Amino acid sequence: MIFAMDGCFGPRDLEALQNLICPPKDDSDVEDDLPQAGARKLGPGDIGAPSDPSQDRSQGPHAPLQGAGDDIWHPSEAIDIQSAQDYDPRKAPEYEMKFKQAVTAEDIYLGMGFKTPSTASCEWLSVLVKLPQETREKVELSVESEAIDVRSPRYRLHLPTPHPVDPNASSAKWHNDTSTLEVTLKLTRELDNVNF
């Protein structure tokens, strides 16, 4: 492109500048144009098995996965949480979770405190794990901020906690008469200082 030497633009120069800034729209952006010859638009009628045997999509690398019966997804698409963790043949023991809170007479009888019966006002989480036929010496306990892990020769329990806990401020107690492990976990939630 050659411009005039005197600094004036001619009509062709202005048109070239306009095409540079705002390129003209081609008709190729129209939705009715299809990129390949013989291709067609897909619609709701294309859902499911093809009615035309020449358009069989059940073969090849892009074939949909077929599950058994009326399954919504193929078994290979589902993630099994049990198999995602380490496989362990030991039984999972029975357990019970209880929220605990420290209350005073003013909280109970006079209603002067800000505590409510809800779990938002609880400071501790107590987990009772029943381990029949086990002794205290055979039980291993690991407490993390998001889960507890109890292991013995017969049982294994990996239990995520509903709220973050402080492993250093937690305690455990073994009850010989019932073969039960009681783990008391100190909750460390984000808004605990506001609730109390």
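## Exercises on a predicted model

The largest nonpolar core of this predicted model contains 16 residues, and those with the most contacts inside it are Val127, Val129, Leu131, Val139, Val150, Leu181 and Leu185.

**Exercise 1. Determine which elements give two or more residues to this core, and which gives the most.**

Solution. Step 1: the elements that give two or more residues to the core are S2, S4, S5, S6 and S7. Step 2: S7 gives the most, with four residues. Step 3: take Leu131 as one of the residues with the most contacts inside the core. Leaving aside neighbours within four places in sequence, Leu131 is in contact with Pro93, Val139, Val150, Tyr155, Trp174, Ser179 and Leu181.

**Exercise 2. Give the strand order of the open four-stranded sheet, and explain why one side of S1 and of S6 has no neighbour in the sheet.**

Solution. Step 1: the order is S1-S2-S7-S6, and the pairing is antiparallel. Step 2: strand S1 (94–100) and strand S6 (165–175) are at the edges with a single partner strand each, so one side of each lacks a neighbour in the sheet. Step 3: on average, neighbouring strands of this sheet are turned by 20 degrees against each other, direction ignored. Within S7, Leu181 is the bridge partner of Trp174.

**Exercise 3. Describe how S3 and S4 pair and how many residues lie between them in their hairpin.**

Solution. Step 1: the two strands pair in the antiparallel sense over four bridges. Step 2: the hairpin that S3 and S4 form has three residues between them. Step 3: as a specific position, Val143 stands opposite Ile148 in S4.

**Exercise 4. Classify Arg151 and Arg156 as buried, partly exposed or exposed, and list the polar contacts of their side chains with Asp149.**

Solution. Step 1: Arg151 lies in strand S4 (residues 147–151), while Arg156 lies in strand S5 (residues 156–160). Step 2: Arg151 has 32% relative accessibility and therefore counts as partly exposed. Arg156 has 15% relative accessibility, which is under the 20% limit, so Arg156 counts as buried. Step 3: the side chains of Arg151 and Asp149 are joined by a polar contact of 2.5 Å. The side chain of Arg156 makes a polar contact with the Asp149 side chain at 3.3 Å. Step 4: not counting residues up to four places away in sequence, Arg151 touches Arg90, Lys138, Val139, Glu140 and Arg156. Step 5: the C-alpha atoms of Arg151 and Ala92 are separated by 9.5 Å, with the two residues 59 apart along the chain.

**Exercise 5. Locate Gln133 and Ser179, give the phi of each, and decide whether each is buried or exposed.**

Solution. Step 1: recall that most residues other than glycine have a negative phi. Step 2: Gln133, though not a glycine, has a positive phi of about 65 degrees. Ser179 is not a glycine either, and has a positive phi of about 50 degrees. Step 3: Gln133 is placed in the loop between strand S2 (124–130) and strand S3 (140–143), and Ser179 is found in the loop between S6 and S7. Step 4: Gln133 has 62% relative accessibility and so counts as exposed. Ser179 counts as buried because its relative accessibility is 14%. Step 5: Ser179 is also one of the residues in contact with Leu131.

Definitions and conventions
Residues are numbered from 1 along each chain as its sequence is written. This is a predicted model: local features need pLDDT of at least 70, side-chain atom pairs count only at pLDDT 80 or more; totals for chains, interfaces and linings use all residues. Side-chain values use heavy atoms; hydrogens and water are left out. Buried means under 20% relative accessible area, exposed over 50%, partly exposed in between (1.4 Å probe, protein chains only). Contact means heavy atoms within 4.5 Å. A polar contact is a pair of N or O atoms within 3.5 Å; within protein, one must be able to donate a hydrogen and the other to accept it, and residues adjacent in sequence count only if both atoms are side-chain atoms. Two strands pair if DSSP finds at least two bridges between them. Axes are lines fitted to C-alpha atoms, for helices over the stretch in contact, and angles run from 0 to 180 degrees between N-to-C directions. A nonpolar core is a set of buried Ala, Val, Leu, Ile, Met, Phe, Trp, Tyr and Cys residues joined through side-chain atoms within 4.5 Å.
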